[in-house]
Amino acid sequence: MGTLNHIEAIEARLEEIREKTAALEKEHAELLTALNVLNRLSPTGKIATSPKTTGSGPPRPDGLPTIFEMVELVLKDAELSGESGLTARQIVDTIGARYWPGVADSQIQPSLYRFAKAKRLKKRGAKFQRVTKDETPSAESEVVE
């Protein structure tokens, strides 16, 4: 087999892998969407609890506060340090460092946006902030649809 034939064979195999990867990525996105819809429609807000359906990170350890409680604690500590809120990435990183080693974005970030939409958190630009008990989120809060 000549060099040209090797190159053509490699290129053909790369194309085959690209097609399979694209199909798997599409299926992955569809399954995540279905899971999010089911969780949103669930009376408890969460149907999926098995490690196989918690995203790409490790299963949630027993005894942790709720996601909202962890987010509140992380944001409160940031406020005490003089921060005017944290990005979703900063929140996930801090939760991973303090409570849930290896937690994936997909295990926390969708909840952040749901909390902002429900006005349990404020979202100003890229940063999330706590809502104090005597405060109603203002029109400045960015509500994520």
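Okay, let's start with a pair of strands: β1 and β3 run antiparallel to each other and are joined over two bridges. By "pair" I mean that DSSP finds at least two bridges between the two strands. Within that pairing, Thr-87 sits opposite Lys-127 in β3. Then α4 packs on the sheet, where it touches β2 and β3, and its direction makes about 100° with that of β2. For that angle, axes are lines fitted to C-alpha atoms, for helices over the stretch in contact, and angles run from 0 to 180 degrees between N-to-C directions.

Before I go on, this is a predicted model: local features need pLDDT of at least 70, side-chain atom pairs count only at pLDDT 80 or more, and totals for chains, interfaces and linings use all residues. Residues are numbered from 1 along each chain as its sequence is written, and side-chain values use heavy atoms, with hydrogens and water left out.

So what's the strand order in the sheet? It's an open sheet of three strands, β1-β3-β2, with antiparallel pairing. That puts β1 and β2 at the edges, each pairing on one side only. β2 and β3 are also antiparallel, over four bridges, with Lys-123 opposite Phe-128 in β3. Those two strands form a hairpin with two residues between them, and Gly-125 there takes a positive phi near 60°.

Zooming out, the protein chain has four helices and three strands. Helices here are DSSP runs of H or I with at least four residues, strands are E runs of at least two, and both are numbered from the N terminus. Reading from that end, the order is α-α-β-α-α-β-β.

Now my favourite bit, helix α2. It covers residues 67-80, so to speak 14 residues, and reaches 20 Å from its first C-alpha to its last, close to the 20 Å expected at 1.5 Å a residue. The expected span is 1.5 Å times one less than the number of residues.

Which residues of α2 are buried? They are Ile-67, Phe-68, Met-70, Val-71, Glu-72, Val-74, Leu-75 and Ala-78. Buried means under 20% relative accessible area, with a 1.4 Å probe and protein chains only. These buried residues pack against β1 (86-87), α3 (88-98), α4 (105-117), β2 (121-124) and β3 (127-130). Just after α2, Gly-82 takes a positive phi of about 90°.

Last, the whole chain: buried residues make up 28% of its 145 residues. Of the contacts (heavy atoms within 4.5 Å) with a separation of 6 or more, 50% come from residues 24 or more positions apart.

Methods: Buried < 20%, exposed > 50% of the residue type's maximum accessible area, 1.4 Å probe, protein only.
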